[in-house]
Amino acid sequence: MSVLLLADHDKGELSPATARLVAAASQLGPVDLLVVAENPDNIAAAAAQIAGVRIVQVVKAAETAESITNSLESLAQRYQSVSASASSVGKDVIPRLAAKLDIQPVTDVVEILGPNRFTRPIYAGNALETLTDPQPKHLLTFRASAFRPAASGNAAPVENLDLSVNSAARFLAAHRTESDTPDLATAQIVIGGGVSVGSAEGFQLIEKLGKTLGAAVGATRAAVDAGYAPNDWQIGQTGKIIAPDLYIAIGISGALQHLAGIQGAKKIFAINTDAEAPLVKIADVALIGDLFEIVPQLIAELEKH
Ligand code: FAD
């Protein structure tokens with residue numbers, strides 16, 4: 001049961017999610033990583049260190065959905081499972097591959113119960129579905145945040161493949177929010193701000209708390225729609241799925257669509273003026289009060305230590 005896994009990378013570096021994906025894929029069998037990148041050397045070298053990786057296969061190509069799909073397709077016949085992250089790349093590539101190979105993919109896997117039994121959330125995370133995939137070959141996407149990262153310390157061989165995978169599509173540019181905070185999907189501490197933060201300037205307060213704690217910063221859709229926070233900060237059903245050790249929810253009511261993204265959080269700390277807010281009710285610890293009074297006090301206390 002060997003598994004081909006697409007390595008997750010960004011800005012020329014291996015993403016921390018890849019070690020989590022390897023941990024997931026290893027439950028199915030030996031894992032061969034595939035790196036598709038224009039400048040793959042650093043990514044491949046980091047990937048080779050992840051424990052459980054048998055080989056890192058490298059395709060030097062433009063990072064378009066077509067070239068990644070074509071690379072996976074060229075290698076797919078050797079593997080019983082072909083897998084990727086349930087990230088925007090995986091969500092783009094795996095359905096294309098599924099159409100080419102005529103295989104039904106199993107997406108958003110959060111638990112592996114056996115060689116062909118998987119658990120995944122359905123109905124916006126309100127229920128978990130266990131399913132058996134009877135197909136001889138599996139196409140899977142894993143939610144990286146649901147798995148603990150594999151250790152490092154490996155020295156897997158790196159093989160450069162000479163595949164002709166380019167397509168008519170060309171990668172022109174990526175327009176992204178520059179941030180030096182940790183990645184939301186894999187951060188150990190996440191701070192979320194709601195629409196009650198009131199402005200983009202108000203979010204600077206949330207970011208300051210984030211920096212003090214080394215936390216990633218996210219937001220509700222209401223805050224994003226209001227233009228207070230960038231789109232890629234959105235947490236929830238239509239945003240990012242997080243699974244930190246600690247989630248600090250500031251001025252967030254706890255709508256179902258937001259809760260769908262935070263179910264993997266181990267501890268929740270809420271700051272809210274409303275003691276009856278749904279998020280306060282599910283929180284492990286809640287401070288009832290005005291965020292504009294509490295957050296500056298928290299920052300001041302944390303800066304003393
Ligand atoms: P509100 O619900 O308005 O809550 C504000 C909270 O702040 C309240 O609890 C209030 O008591 C508290 N508050 C007010 N003032 C203060 C203060 N000074 N100090 C402390 N607390 C204060 N939402 C998401 O987040 N993510 C999604 O992915 C998402 N997807 C959606 C998909 C669909 C199809 C739909 C229909 C909706 C989706 N939503 C999503 C929106 C969701 O339904 C809620 O509208 C949204 O989450 C509410 O955001 P909020 O908690 O910031 O705002």
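Me: By class, how many nonpolar, polar and charged residues does the shell around the ligand have?
Reply: In this predicted model, the shell around the ligand is made up of 15 polar residues, 7 nonpolar residues and 3 charged residues.

Me: And which residues are the closest to the ligand?
Reply: The ligand is surrounded by 25 residues, and the closest of these are T220, I235, T238, S253 and N272.

Me: Which backbone atoms lie by an oxygen atom of the ligand, say for V195?
Reply: For V195, a backbone N or O atom lies 2.8 Å from an oxygen atom of the ligand. Q237 likewise has a backbone N or O atom at 3.1 Å from a ligand oxygen, and for G251 the distance from a backbone N or O atom to an oxygen of the ligand is 3.0 Å.

Me: How much of the ligand's accessible area does the protein cover?
Reply: On its own the ligand has 990 Å² of accessible area, and the protein covers 72% of that.

Me: Which elements give two or more residues to that shell?
Reply: Those elements are α6, which spans 221–225, and α7, which spans 256–259.

Me: Back to I235, where does it lie, and is it buried or exposed?
Reply: I235, which is among the residues closest to the ligand, lies in the loop between α6 and β15, the latter running over 246–250. I235 counts as buried because its relative accessibility is 2%, and the cut-off for buried is under 20%. The C-alpha atom of I235 is separated by 6.0 Å from that of A219, although the two residues are 16 apart along the chain.

Me: What about A260, where is that found?
Reply: A260 is found in the loop that runs between α7 and β16, with β16 covering 267–272. With a relative accessibility of 7%, A260 also counts as buried. From C-alpha to C-alpha, A260 and I241 are 7.6 Å apart in space, while in sequence they are 19 residues apart.

Me: Changing topic, which way does the phi of K11 go, positive or negative?
Reply: K11 has a positive phi, at about 50 degrees, although K11 is not a glycine. K11 sits in the loop between β2, at 9–10, and β3, at 13–14. K11 is exposed, because its relative accessible area is 51% and exposed means over 50%.

Me: And D102, what is its phi and where does it lie?
Reply: D102 is not a glycine either, yet its phi is positive at about 55 degrees. D102 lies in the loop that connects α4, at 88–101, with β7, at 106–109, and D102 is exposed, with a relative accessible area of 70%.

Me: Zooming out, how many helices and strands does the chain have?
Reply: The secondary structure of the chain comes to 9 helices together with 17 strands, and buried residues account for 48% of the 305 residues in the chain.

Me: What is the radius of gyration, and what would a compact globule have?
Reply: The chain has a radius of gyration of 20 Å, which agrees with the value near 19 Å that a compact globule of 305 residues would have. Taken along the principal axes, the C-alpha atoms fill a box of roughly 60 × 40 × 40 Å.

Me: Last one, what is the mean pLDDT, and what does the model score?
Reply: The mean pLDDT of the chain is 94, with 100% of its residues reaching 70 or more, and the scores of the model are ipTM 0.99 and pTM 0.81.

Note on methods: Residues numbered from 1 in each chain as written. Predicted model: local features only at pLDDT ≥ 70, side-chain atom pairs only at ≥ 80, totals over all residues. Heavy atoms only, no water. Near = heavy atom within 4 Å. Polar contact = N/O pair within 3.5 Å; in protein donor to acceptor, adjacent residues only side chain to side chain. Areas by Shrake-Rupley, 256 points an atom, 1.4 Å probe, with all protein chains shown as cover. Helix = DSSP H or I, 4+ residues; strand = E, 2+ residues; numbered from the N terminus. Nonpolar A, V, L, I, M, F, W, Y, C, P; charged D, E, K, R; others polar. pLDDT = per-residue confidence, 0-100. Rg over C-alpha atoms; globule rule 2.2 N^0.38 Å. Buried < 20%, exposed > 50% of the residue type's maximum accessible area, 1.4 Å probe, protein only.
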